[in-house]
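Here are my notes on the model, point by point. Have the coordinates open while you read.

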Amino acid sequence: MDLLYKIFLDPFVQMGTAPDLLVQTLWEGLVAGVLYALIALGYVLIYKASGVFNFAQGIMVVFAALTLVGVAARLRQWGVGPGDVAAYGALVLTALVMLGLAWGVERLMLRPLVNQPEIILFMATFGLTYFLIGFGELLFGGEPKVMIADDLHLPRGALEFKMLGGFVSLQKIDVAAAVIASIMVAALALFFQKTRIGRALRAVADSHKAALSVGISLEQIWVTVWFAAGIVALATGIMWGARSDVSFALQTLALKALPVLILGGFTSIPGAIVGGVIIGVGEKLGEFYWGPLLGSGIESWLAYVIALVFLLFRPQGLFGEKIIERI
Amino acid sequence: MLYREAGQFKTTYGADQSVFPIRQDRIGIALILFAAFVLVPLLASSFALSAVFIPVLVFALAAIGLNLLTGYAGQVSLGTGAFMGVGAYTCYKLTTYFPQVNIIVLILASGLGSAAVGSVFGLPSLRIKGFYLAVATLAAQFFLSWSFVRIPWLYNHNVSGAIEVPTRTMLGVAVTGPNATPLTRYLVVLSIVTLMTWVASNLLRGRIGRTWMAVRDMDIAAELIGIRLYSAKLLAFAVSSFYCGVAGAIMVFLWFGAAEADSFNIDQSFLILFMVIVGGLGSLIGSFFGAIFIWGLPIVLRAAPEFFGLTIRAATVEHLQFMIVGALIIFFLIAEPAGLARLWQIGKQKLRVWPFPY
């Protein structure tokens with residue numbers, strides 16, 4: 001009986017008596033969700049256009065952030081302008097590196113593996129993950145680095161609101177992350193729906209063969225999506241890097257984004273955002289209000305359980321394409 | 001010339017359906033078993049036994065377990081490491097409660113605990129398919145990893161949070177614990193792995209294996225010809241977890257000697273998935289090849305710079321090793337997506353028709 005009270009009553013009483021804490025928790029969940037969604041977005045882009053479940057997205061985030069910080073430091077060393085010039089120069093150069101990476105992946109990995117089962121492509125992205133871990137550490141070293149947030153003019157500090165008889169504080173960087181994520185999603189959705197390349201991308205997603213037969217270049221499309229995923233990774237890397245350090249530990253975030261991915265559906269861009277918010281808010285609420293019951297640390301698997309519950313009702317995720325099977 | 005079945009006539013159904021219908025294969029397997037049971041113990045140093053042979057066998061067993069599920073029944077799982085952990089912790093609890101029972105019996109019994117947990121986490125597999133299922137099995141991985149840390153009962157409330165393997169003897173010889181020699185441990189591991197591989201190969205040749213393969217090839221079609229999907233998939237999860245559980249138990253009891261929750265983390269799951277894919281999906285011998293390749297590659301890479309007389313900093317070697325392993329995985333997938341087992345088959349076929357091209 002006592003346990004039932006603790007599960008079904010106490011957390012809600014707590015929410016009612018301290019609404020400011022509830023708002024704070026909700027906000028943190030929202031931010032975490034948006035940041036997960038950014039990573040999930042990278043997965044979705046690549047899965048949509050090439051049917052590859054790209055495990056390397058997590059390490060691409062780290063790699064992009066490391067390149068940005070490393071290149072900026074090098075530019076400063078060479079005496080390039082004030083800090084922000086070097087930072088924005090590094091941003092452009094990093095985008096170019098991601099383009100090179102996309103091209104290399106297409107050329108050396110995807111093209112020879114055309115027409116292979118999905119699991120083989122999945123494993124190949126594992127190889128890519130290992131390669132990038134080694135390559136990144138070789139070039140930039142394994143120690144954590146500080147993101148050049150100030151040079152990129154990212155806001156710092158916190159906004160405090162007085163509401164519901166208490167204080168709610170929002171980190172400015174979190175607000176910026178939410179705004180940037182929303183802009184990115186909107187831009188990508190427009191890109192997919194309205195542009196010529198976007199139409200080609202959707203055609204490739206539907207059927208490689210049919211797309212080829214109407215003259216769409218698969219190579220070009222793949223480079224484009226991997227590049228887009230690289231840019232998303234760069235944005236993710238900046239945001240996560242500004243909140244903590246830039247280190248290889250960030251790649252475990254990729255695992256955090258997987259429940260978001262299956263919850264929203266592998267093929268849906270809005271799904272990534274909605275899934276991210278559900279997972280982020282669910283995770284933070286669960287950890288804050290129900291976590292003490294089980295001992296802390298339930299954050300590590302709660303997201304998966306939430307996603308699993310949704311999947312039992314919708315096996316293709318909330319917004320995924322309906323799975324139609326034929327004999 | 002030597003490897004040819006011409007002239008070997010089968011006069012009974014039994015002979016036709018034996019595990020190794022070709023005489024040369026029987027001789028070959030006898031030679032391999034002889035080498036494994038006699039030559040290796042005679043020639044290998046204890047370091048080689050505990051650093052190379054025991055790990056390869058343990059991983060091969062785990063890879064067979066995952067291969068049953070992923071390669072034969074077509075259900076991708078990323079929770080292998082956790083299921084190995086369940087086996088190890090079950091064995092630890094069992095030997096705590098029943099210290100007098102033979103440790104080998106307990107190791108095999110601990111697979112049952114793992115099988116039970118595995119079939120619970122296999123429950124979503126009827127609704128969820130493909131990568132959605134793969135990600136859903138990560139729920140098992142993370143939940144179980146968390147339990148290994150947060151449930152002190154599992155590790156007998158040790159302060160260190162680790163499980164320490166007690167000494168258990170069999171016929172007066174220490175089999176587990178710090179006093180057991182690498183040789184004894186190797187022989188025990190080898191016997192268990194041989195036995196379980198044999199069981200698996202027979203399981204796969206029979207009704208159950210065929211059911212799994214039908215489910216893998218197309219589950220709706222399998223359902224239409226009267227296969228009960230739910231029981232087939234759950235059985236696959238249970239048997240696979242059984243194998244992984246036993247592999248986990250021997251990993252801790254006969255190789256590590258002590259383990260904590262971190263030994264069964266997600267990297268372990270991925271490592272074994274590598275072995276299965278590189279070795280060949282749906283092939284028992286491929287599981288062995290995969291284990292040898294993935295475990296042996298870093299050892300070779302570490303030794304390589306010295307061999308060529310190069311001096312590279314240790315950290316650089318490690319980074320290069322990551323890069324080379326990654327590149328080699330991609331290379332192997334491109335060169336032979338069906339895995340090392342396929343190369344083995346091609347080689348055998350070439351031998352059969354030699355000296356003719358086909």
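1. Start with where two helices of chain B meet: B:Ile285, B:Gly286, B:Phe289, B:Gly290 and B:Phe293 in H12(B) touch B:Leu340, B:Ala341 and B:Trp344 in H14(B). Contact here is when two residues have C-beta atoms, placed from the backbone, within 7 Å. By class, this contact has 6 nonpolar, 2 polar and no charged residues. For the classes, Ala, Val, Leu, Ile, Met, Phe, Trp, Tyr, Cys and Pro count as nonpolar, Asp, Glu, Lys and Arg as charged, and the others, Gly among them, as polar.

2. As for geometry, helix H12 (residues 284-307) and helix H14 (residues 340-353) of chain B pack at about 115 degrees, with axes 8 Å apart. Axes are lines fitted to C-alpha atoms, for helices over the stretch in contact, and angles run from 0 to 180 degrees between N-to-C directions. Helices (H or I, at least four residues) and strands (E, at least two) are DSSP runs, numbered from the N terminus.

3. Keep in mind that this is a predicted model, in which local features need pLDDT of at least 70 and side-chain atom pairs count only at pLDDT 80 or more, while totals for chains, interfaces and linings use all residues. Residues are numbered from 1 along each chain as its sequence is written, and chains are lettered from A and ligands numbered from 1 in the order in which they are written.

4. Stepping back to chain B as a whole, there are 14 helices and 4 strands. Its radius of gyration is 21 Å, which agrees with the value near 21 Å for a compact globule of 358 residues; this is taken over C-alpha atoms, and the globule rule is 2.2 Å times the number of residues to the power 0.38. The C-alpha trace spans about 65 × 60 × 45 Å along its principal axes. Of the 358 residues, 44% are buried (20 or more other C-beta atoms within 10 Å of a residue's own; exposed is 12 or fewer, partly exposed in between, with C-beta atoms placed from the backbone).

5. Now the interface: 34 residues of chain B are in contact with 38 residues of chain A. On the chain B side, two or more residues each come from helix H6 (130-150), helix H9 (219-224), helix H11 (266-279) and helix H13 (314-335). H13(B) gives the largest share, 13 residues. That side divides into 27 nonpolar, 4 polar and 3 charged residues.

6. Helix H7 (residues 182-205) of chain B deserves a look. Its 24 residues should span 34 Å at 1.5 Å a residue, and its end C-alpha atoms are 34 Å apart, which agrees; the expected span is 1.5 Å times one less than the number of residues. Among its buried residues are B:Arg185, B:Tyr186 and B:Met196. The cover over the buried residues includes helix H2 (23-43), helix H10 (229-256) and H12 of chain B.

7. In chain A, helix H4 (residues 57-77) has 15 of its 21 residues buried. After H4(A) comes A:Gly79, with a positive phi near 80 degrees.

8. B:Glu164, in strand S1 (residues 163-164) of chain B, is partly exposed because 15 other C-beta atoms lie within 10 Å. B:Glu164 and B:Phe253 are 89 residues apart in sequence but 8.7 Å apart in space, C-alpha to C-alpha. A:Trp290 and A:Thr129 are 161 residues apart in sequence and 35 Å apart in space, C-alpha to C-alpha.
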